[in-house]
Amino acid sequence: MTLSYRPGDSLAHRLDPRTKLAFQVAFAVAAFAHTTPKGLLALSGVAGVVLASSDVSAREALVEYRFVFPFLLAGPLLSAAALGPPWIRWQAGFDSLLASYRVVLVLFVSAAYLRTTPVRDSRAAIQHLVPGKAGQLLGTGVGFVFRFLPVLQADLRRIRDASSARLGDQRGLIDRMKLVSISGLSRALSRADRFALALRARCFSWNPTLPPLSFSRADVPVIVGSVGLLLWAII
Amino acid sequence: MIETRELVHRYGDEESPAAVDGVTLSIPDGEFVLLAGPNGSGKSTLVRHFNGLLEPDSGEVLVDGTPVTDDLVAARTRVGMVFQQPRDGFVAATVGADVAFGPENLGLAREEIDRRVEEALEAVNMRDRRDERIDELSGGERERVAIAGALAMDPDHLVLDEPFTGLDAPTRESVVEQLRSLKESGTGVVLVTHDLRDAFALADRIVALADGDVAVDASPEEARDRLPELGIRVPPKRETPREEP
Amino acid sequence: MSTDTASVELVGEETAENVARAALLAALTGAFAYVSFPNPLSPAPVSLQVLGVFLAGILLGAVWGGVSMALYLVTGAVGAPVFAGGSAGVGALLGPTGGYLWSYPVAAFAIGAIVHGGVRLRNRVPRGIPRLVGAMAVGTVVIYAFGVVGMSLVLGMTLQKAFVAGAAAFIPAEAFKMAAAIGVVRSDQITAE
């Protein structure tokens, strides 16, 4: 992965995570509502401002999402192709091209969030935005997944290394998948048992002190902008 | 004060053998107890009753006079616990965020949480490591962070389940040092171990289990001669406190 | 003591265990996204991600399997590199392959409900092959239905063309994952109740 949180002092770094989440949603809604040359031109300008105020280059964002580009290209090409005369349907291809481009813009804005928002802020935003036990479950759960992802990745790497050291990679596909997943899963389940015990010993509760979050003056223009984008999308 | 009365615990139904079989024991605040016994003697099962992680099949467990099952939160704050393989008990990626987890669950004010995290990290000599990533710490440092996580609950007793497993000699020594300073600060310690050599000198009392019941409950010097017959190794007698070679 | 213990609402034992398992299986699904094998049937490599969805439904049941996959999505949305190719972000959920991701909680729920015969988790995971295969087949249909519809919406294509672009090359490999999942569930090493 190329894009993860990096400390900084850009405008976007100073925003409340709830503001950034709301802006992402508003931007995506606007992009899907105004998939026209004019609309996308305007949104390109907005996306440019977003990238500039979050220290992310367009290139970095594109590298992060490189795996979707085959699909973004296949869309317009396949849409333009017809199985009979006139063989090429320019209009359908063009519409799909606009749709692909709008995805690129949404990806830019998403990249800006990833670069400027630490996990604890996202977690806090979820716990503040989603009410009750559901919010508590999602917020803490997200923290737990972040915590264990690198641990389980290391488990799987060790399992694969040990297997290929004993020529496990000469076996059939299903056998190899089974081997990796049985060992990976049984380790994950025993970790889960120990983790649950530790959670209970540490008074895992439904009503903990939430991580602090507060809006600042910097959030105001972005919130106004998000509302503006939503209104523009609806009208 | 932790008390158990005729405590029985079975894994499975009434037919299955009792892992803990009628244990009556009381541990006053501030006491350093070594809880010894061979594998399968019921040590880990017993201590999991001290803060209500398990429920008795019969008998009862009291913390400061209140049955554990009546107030689990009180039991779990009075009796802190550090498990084997502490790595799987961490909830957050960084030291400070993990240590804050317990106090957060108690719903304390943010300033109080910060104060407790500072104090707990100070107690394990990790005060300036608050923002470091747990995965990048050494085994001994992780053990200390786990201890800090329990200390942040401000407990009277700290139970450590086989803390020396998988640690090399110098690291074991640093954990023993840690336990010594806990003892000096007045925190009671229950150290669950099958090998008494590391912390023998620190103990006020040794309790040895065999087949789910208390077989020896005595001062270290009295216990010394009776432990080998239970298959528990003790350090050789010396005039001076023992040093790692 | 300063702590007012009466105001603390503890998460119960069973729920704490389910939360831990849901989080670990979400993390495992994310870690599986990095594990890929060459595909004997197609140039697109086989990743184990979907196996995570199958296992979450089978082992955790409908409710917690669904919760586990919801955790997976939210964690990825806010920045954990758990989606295909180690990507992350809301953008991945709104991109051409976003429909596949949205399907995971639904698919895990459906698989769990079929395997356990309802939303309640049975004490032992049923090991009958027809039931497991049926559940995973339904799960696969859910995943591809969401995926194809999502791609058609996002890229402005017809459903048929979205199927050609996003599904046709990948479906055959699902059979391998089902076979692997059955092997995993019936393995003696997996002792999940």
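How do the residues of the lining of the second largest pocket divide into nonpolar, polar and charged? There are 21 nonpolar, seven polar and two charged residues in that lining, where Ala, Val, Leu, Ile, Met, Phe, Trp, Tyr, Cys and Pro count as nonpolar, Asp, Glu, Lys and Arg as charged, and the others, Gly among them, as polar.

Before we walk on, a word on how to read the values. This is a predicted model, in which local features need pLDDT of at least 70, side-chain atom pairs count only at pLDDT 80 or more, and totals for chains, interfaces and linings use all residues. Residues are numbered from 1 along each chain as its sequence is written, chains are lettered from A and ligands numbered from 1 in the order in which they are written, and side-chain values use heavy atoms, with hydrogens and water left out.

Let us begin with chain A. Its domain assignment gives domain 1 (1-118 + 214-235) and domain 2 (131-210); such bounds come from an automatic or database domain assignment. Taken over C-alpha atoms, the centres of domain 1 and domain 2 of chain A are separated by 32 Å.

Now for the empty space. Rolling a probe the size of a water molecule over the atoms shows where such space is left. The work is done on a 1 Å grid over the protein atoms alone: a cavity is a set of points where a 1.4 Å probe fits but cannot get out, a pocket is an open set with protein on both sides within 12 Å along at least five of seven lines, and lining residues have an atom within 4 Å of a point. Grid points are joined across faces, edges and corners, and a volume is the space filled by probe spheres set on the points.

The largest pocket holds about 1300 Å³ of space. Its lining has 49 residues, and the closest to the centre are A:V119, A:R120, B:A93, B:T94 and B:A97. At least two lining residues come from each of α7 (119-129) and α8 (132-165) of chain A and α3 (95-99), α4 (101-105) and α5 (110-123) of chain B; helices (H or I, at least four residues) and strands (E, at least two) are DSSP runs, numbered from the N terminus. The biggest contributor is α8(A), with eight residues. Domain 1 and domain 2 of chain A each give at least three residues to this lining. By residue class, the lining of the largest pocket has 28 nonpolar, 11 polar and 10 charged.

Back to the pocket of the opening question: the second largest pocket has about 740 Å³ of space. Of the 30 residues that line this pocket, C:P45, C:S47, C:Q49, C:A84 and C:F170 lie nearest its centre. Among the elements that give two or more residues to the lining are α5 (69-80) of chain A and α2 (49-77) of chain C.

A:A61, A:L62, A:Y65, A:F69, A:V104, A:L107 and A:F108 form the lining, with α4 (58-64) and α6 (90-116) of chain A each giving two or more residues. The seven lining residues are nonpolar, with no polar and no charged ones.

A:E60 and A:R115 form a salt bridge (3.2 Å, N to O), defined as a side-chain nitrogen of Lys or Arg within 4 Å of a carboxyl oxygen of Asp or Glu. A:E60 sits in α4 and A:R115 in α6, 55 residues apart. Over all chains, the search finds 35 salt bridges.

On to the interfaces. Chain C places 77 residues in contact (heavy atoms within 4.5 Å) with 69 residues of chain A. Together chain C and chain A bury about 6100 Å², 78% of it on carbon and sulfur atoms; buried area is the accessible area (1.4 Å probe) that two parts lose on being put together, summed over both. On the chain C side, C:L24, C:F37 and C:V78 lose the most area to chain A, together 11% of what that side buries. Three salt bridges cross the interface of chain C and chain A. C:R21 pairs with A:D193 in a salt bridge, with 3.9 Å between the closest N and O atoms.

Chain B and chain C bury about 730 Å² between them, 59% of it on carbon and sulfur atoms. B:V73, B:R78 and B:L106 supply 46% of the area on the chain B side, more than any other three residues.
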